[in-house]
Structures are given as structure tokens and as C-alpha cells.
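Hi,

Here is the structure I promised to send over. Have a look at it first, and then read on for what turned up.

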Amino acid sequence: MASYKIHPKDFECVRYEVADHIATLTIDRPERRNALNRRAYDEVEAGFRFASQDEAARCLIVTGADPAFCSGEDVKEMMTGEQKEKSVARLTAVRPEPTPAAVAALECEKPVIAAVNGPAVGWGMELALFADMRIASEKAAFGEIFIKRGLISDVGGLWRLPALVGPQKAAELLFTGDVIDAGEAERIGLVLRTVPHDALLSEARALAARMAVNAPLALRYMKEGLRRTAYGELREIGGWVSQTLGTLFQSEDHREGVASFLEKRAPQFKGR
């Protein structure tokens with residue numbers, strides 16, 4: 001039985017394509033800088049789950065439609081009104097689960113390359129962190145901007161980022177919400193390499209092709225072994241993240257973070 005909620009043929013916000021054993025998942029909301037609303041989150045989750053089962057795909061590239069990779073959550077849709085109430089309800093369950101799209105990305109059985117073509121901030125940076133490797137366009141930028149909204153990051157920032165750049169650099173990025181360019185991201189080990197913008201997808205496909213020629217079953221087990229040794233167990237920290245976000249979503253500081261973003265002004269946080 002299929003484990004994905006939506007079939008790629010029914011996607012509205014994301015595109016899924018396969019060629020030469022390489023699947024490409026493209027977030028396609030350029031008018032919103034590929035910000036994620038509920039439908040987009042569900043399609044990202046479904047895309048990763050579909051790729052895990054897709055016998056035609058041996059590797060997966062995730063990218064965005066120019067000019068952005070993913071600018072995080074669609075603040076107007078996800079952090080106000082009915083959608084926020086639904087999020088709070090999920091996060092304040094007795095035993096909250098990690099973000100479903102994050103779990104789908106991290107548990108994808110195929111090697112994942114993030115081809116970061118532009119800004120990857122908020123949950124967009126999380127999505128890049130969920131990949132096994134990151135190649136950045138010279139136009140890419142990365143930022144764990146959750147602190148600016150009175151929130152904490154998802155499991156990418158708290159679980160993956162320290163393993164990639166070290167706890168001290170991760171702390172700086174998480175605590176400040178600073179946005180760094182592609183050159184700095186490469187320098188600190190966040191990305192594998194930086195390439196000219198027009199060469200990004202060809203570079204990502206060339207890397208994927210070098211993996212796709214190998215034995216598919218061994219490739220899947222190799223990824224599982226690396227995940228276990230490099231990062232450890234996902235669901236414990238993911239559950240804590242969800243529980244904490246359930247608290248922070250109801251704070252005055254979060255409301256101020258959202259209001260200041262929508263009103264294009266500096267936030268005035270109160271610590272409550």
C-alpha cells in the first residue's frame with residue numbers, strides 16, 4: 001500500500017520528474033519564493049515518500065524554481081488563522097510526532113542531493129540540511145531565521161547542523177538567525193561546493209549519476225549505515241522539537257515575530 005498522501009501526478013506546488021534513474025523534486029511556487037503552505041508541505045512529504053518507493057529512481061535531487069530554493073513557511077498562511085490553530089493542535093498532542101515532511105526527507109531510502117539555487121532560509125534551510133549532500137549556486141544563501149520569529153528550528157538545525165559545521169558554529173547560526181552566503185557556507189562545510197548558477201543542476205545531476213550507476217540495494221544500505229553512525233536517532237529529538245514549538249507558537253514573542261515580519265519592522269520581544 002502506498003505510504004504517500006498525494007500522487008505526483010496530482011501535485012500543484014511541487015514537480016517530480018525522473019530521468020536516467022535520477023529523480024528531481026522541484027518546489028514550484030516562485031511567486032511566493034517557494035514558501036511552503038500546507039499543500040506544499042504535504043507534497044514535499046509525498047515526493048520524498050514516492051521517491052523511496054520509485055524503482056526508476058536511484059538518487060533524488062531536491063531544488064527550487066528560481067529565484068529561491070525555499071524561503072521557509074508561507075508566514076501569511078501558516079502562522080496566522082486556521083492553519084496556525086491546526087499546527088498548534090498537532091504540536092500540543094500528548095506525544096507529538098516530528099514534522100511529517102522532515103521525517104519523509106530524512107528517511108528517504110535514496111541518496112538526496114540538495115541543489116540550492118537561491119535563498120534557503122527557515123524551513124528551506126532545514127530542507128537543505130535533510131539532504132545527504134548540498135551543492136550551492138553562487139546565488140544561494142542560508143539562514144536559520146527561526147529565532148527571529150520567536151521559535152526554534154526543526155530537527156535539521158538542532159540535529160544535522162552541529163554534525164556538519166560543529167556545535168559552536170551551529171550555535172552562532174541558530175542563536176543569531178544570521179544569513180550567510182554560499183561562499184561562507186562552503187567554507188564552514190555546510191555545502192559540498194559552490195558552482196556558477198547556470199551550472200548548478202548539471203553539477204548535481206553529474207554527482208547523482210556517479211551514484212546511480214552503483215548497486216541500488218547496497219546504495220540504500222550504505223545510506224542507512226551512514227545515517228545511523230553520523231547522526232543517531234531522529235524521533236526523540238523530533239518529538240521534543242514538536243513539543244517545544246507547540247509551546248512557543250502560543251507565546252507573545254512568536255506573535256510579535258510574525259507581526260513584525262508582516263509589518264516589515266524590527267521585532268520588540270518581551271520574553272513571554
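**Around S71**

Leaving aside neighbours within four places in sequence, S71 is in contact with R32, R33, N34, A35, P119 and V121. Before going further, please keep in mind that this is a predicted model. S71 sits in the loop that runs between β3 (59–64) and α2 (75–78). With a relative accessible area of 22%, S71 is partly exposed, the cut-off for buried being under 20%. Its side chain has a polar atom 2.9 Å from the backbone oxygen of R33, and the backbone oxygen of R32 lies 3.5 Å from a polar atom of that side chain.

Next, the strands. An open sheet is built from 6 strands in the order β1-β2-β3-β4-β6-β9, with mixed pairing. β1 and β9 (193–195) are the edge strands, each pairing on one side only. On average, neighbouring strands of this sheet are turned by 20 degrees against each other, ignoring direction.

Two of the pairings are worth a look on screen:

- β1 (residues 14–19) and β2 (residues 22–27) are antiparallel and share 6 bridges. A19 stands opposite I22 of β2. The hairpin of these strands has 2 residues between them, and D20 takes a positive phi near 55 degrees there.
- β4 (residues 112–116) and β6 (residues 133–137) run parallel, joined by 4 bridges. M133 in β6 is the bridge partner of I113.

**S137, another serine**

S137 lies in strand β6. Is S137 buried or exposed? S137 is buried, at a relative accessible area of 0%. Not counting residues up to four places away in sequence, S137 touches V116, N117, A182, T194, V195, H197 and L200. A polar atom of the S137 side chain also lies 2.9 Å from the backbone nitrogen of K139.

**Cysteines**

If you were wondering about disulfides, the count comes to 0. As for accessibility, C13 counts as buried at 7%, and C59 counts as buried at 1%.

**Aromatic pairs**

The structure holds 4 aromatic pairs. One of them is Y16 with F50, an edge-to-face pair at 5.2 Å centre to centre, with 85 degrees between the planes. Y16 lies in strand β1 and F50 in helix α1 (residues 38–53), so this pair ties together parts that are 34 residues apart in sequence. Y16 and F50 are both buried.

Y41 and W123 make another edge-to-face pair, 5.0 Å centre to centre and with 75 degrees between the planes. This pair links distant parts of the chain, with Y41 in helix α1 and W123 in helix α5 (residues 123–130), 82 residues apart. Y41 counts as buried at 4% relative accessibility, and W123 is buried with a relative accessible area of 3%.

Finally, ring pairs link Y4, Y16 and F50 into a cluster.

Cheers

Definitions and conventions. Residues are numbered from 1 along each chain as its sequence is written. This is a predicted model: local features need pLDDT of at least 70, side-chain atom pairs count only at pLDDT 80 or more; totals for chains, interfaces and linings use all residues. Side-chain values use heavy atoms; hydrogens and water are left out. Two strands pair if DSSP finds at least two bridges between them. Axes are lines fitted to C-alpha atoms, for helices over the stretch in contact, and angles run from 0 to 180 degrees between N-to-C directions. Buried means under 20% relative accessible area, exposed over 50%, partly exposed in between (1.4 Å probe, protein chains only). A polar contact is a pair of N or O atoms within 3.5 Å; within protein, one must be able to donate a hydrogen and the other to accept it, and residues adjacent in sequence count only if both atoms are side-chain atoms. Contact means heavy atoms within 4.5 Å. A disulfide is a pair of cysteine sulfur atoms within 2.5 Å. Rings of Phe, Tyr and Trp (its six-membered ring) pair if their centres lie within 6.5 Å; planes under 30 degrees apart count as stacked, over 60 as edge-to-face and the rest as tilted.
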